[in-house]
Amino acid sequence: MKFFLLHVCTLLSVALVGSHALTPEVYWKSVLPNSPMPKSIKDLLYTEWNDEKSTAVGVGKGGVSVHTGKPGKRTDVGVGKGGVGVHTGKPGKGTDVGVGKGGVGVHTGKPGKRTDVGVGKGGVEVHTRHKGKPVYVGVHKGPDPFVYLYAASEDQLKDNPNVTMFFQENDLHQGKEMKLHFTKNDQKATFLPRKIADSIPFSSNKLPQIYDEFSVKPDSMEAEIMKQTLNECESTGIEGEEKYCATSLESMVDFSTTKLGKNVKAISTEVSAKESTPLQKYNIEVPKKLAANKAVVCHKQNYAYVVFYCHKTVSTQAYAVSMVGADGTKVNAVAVCHTDTAKWNPKHLAFQVLKVKPGTVPICHFLPEDHVVWVPY
């Protein structure tokens, strides 16, 4: 399954050179100077923001010349009276950017396999060719198990019942064994800066335009996944839940700090293995209850670029749980326990797996590596 991903690397380069805009990472540090960024978030940042590469700048009468990176993997920026010219990457596989009085023009990739981005006074226009670079997404049909408004699908009920997706809070104790499967998400999408994300439609009413932007066929599986994500983002949350779909890292930071204050930290599950681990038994070593009984939980969605479904409830308890697998894999997991499930759909997957009724017992689940929990400190 693949999305044709929007290429924004050169647009980012131009924006940073031309406007001194903050990168998402810099924005994080400015708002949360005492809160380290989890690895799960760092992995979703555009790599050029983190790579330490040499940059040479020459300033003369004719303008400014900038050269960044290694030969063949570099970005060349020339600024003169006529505007700005940018070239990134190898010949034939690079990105050309022209900035003049009329705005910005961006061309990426080979002819016929490229993405064109035009930035002018009117905003941003993006055109992606149908042979763009694919991004593979591992996803199953059916409702998101972390959206508690929905009933379980037949496919979810047929999944291996021995896999512990949901469990009870009294299972979180030293020596408890659980059969778990930590997988790596191979989706290569990255965060878009807020300015760019906000310029792209994100509404089910704009689906034809969105499909066109990303060269997605309306009757394809990719289109169905994008439609499902938009529908979940637009649906009414359960009573007492405050929800928001963050289309940029900056907007996720703003939502979380608005709901919890700026003295917050973000945590996520971390697995020592670099590849997906097998389905196996894990032994809980140390479960640690985090102080607050409220949190914002953000679940990464399947979309053409990074989108998080975030929701805040006051009846949530988060745990940091260290465990070790049968093969020696060490995991620092994040578990979230919902102490009030009375408003959940009675046919939600959790109730059917645990054989309990809504509102009777706290229901917990571990978070995948690319999900995030925000808690006050």
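**Entry 1. The cluster.** I looked up the aromatic contacts in this predicted model and began with a cluster in which ring pairs link F202, F214, Y303 and Y305. My search of the whole structure returned nine aromatic pairs.

**Entry 2. F202 and Y303.** I took this pair next and recorded an edge-to-face arrangement, with 5.3 Å centre to centre and 70° between the planes. I then located the two partners. F202 belongs to the loop between α5 (194-197) and α6 (207-213), and Y303 to the loop between β17 (295-300) and β18 (308-313). The pair therefore ties together parts that are 101 residues apart in sequence. I also checked accessibility. Y303 has a relative accessible area of 0% and is buried.

**Entry 3. F214 and Y305.** I noted that the rings of F214 and Y305 form a tilted pair, 6.0 Å centre to centre and with 35° between the planes. This pair also links distant parts of the chain, 91 residues apart. I placed F214 in the loop between α6 and α7 (221-234), and Y305 in the loop between β17 and β18. Which of F214 and Y305 are buried? I found that both are.

**Entry 4. A charge over a ring.** I finally looked up R194 and Y27. The charged end of R194 sits over the ring of Y27, at 5.3 Å from the ring centre.

How values were computed:
Residues numbered from 1 in each chain as written. Predicted model: local features only at pLDDT ≥ 70, side-chain atom pairs only at ≥ 80, totals over all residues. Heavy atoms only, no water. Phe/Tyr/Trp six-rings, centres within 6.5 Å; stacked < 30°, edge-to-face > 60°. Helix = DSSP H or I, 4+ residues; strand = E, 2+ residues; numbered from the N terminus. Buried < 20%, exposed > 50% of the residue type's maximum accessible area, 1.4 Å probe, protein only. Lys NZ or Arg CZ within 6 Å of the ring centre and 35° of its normal.
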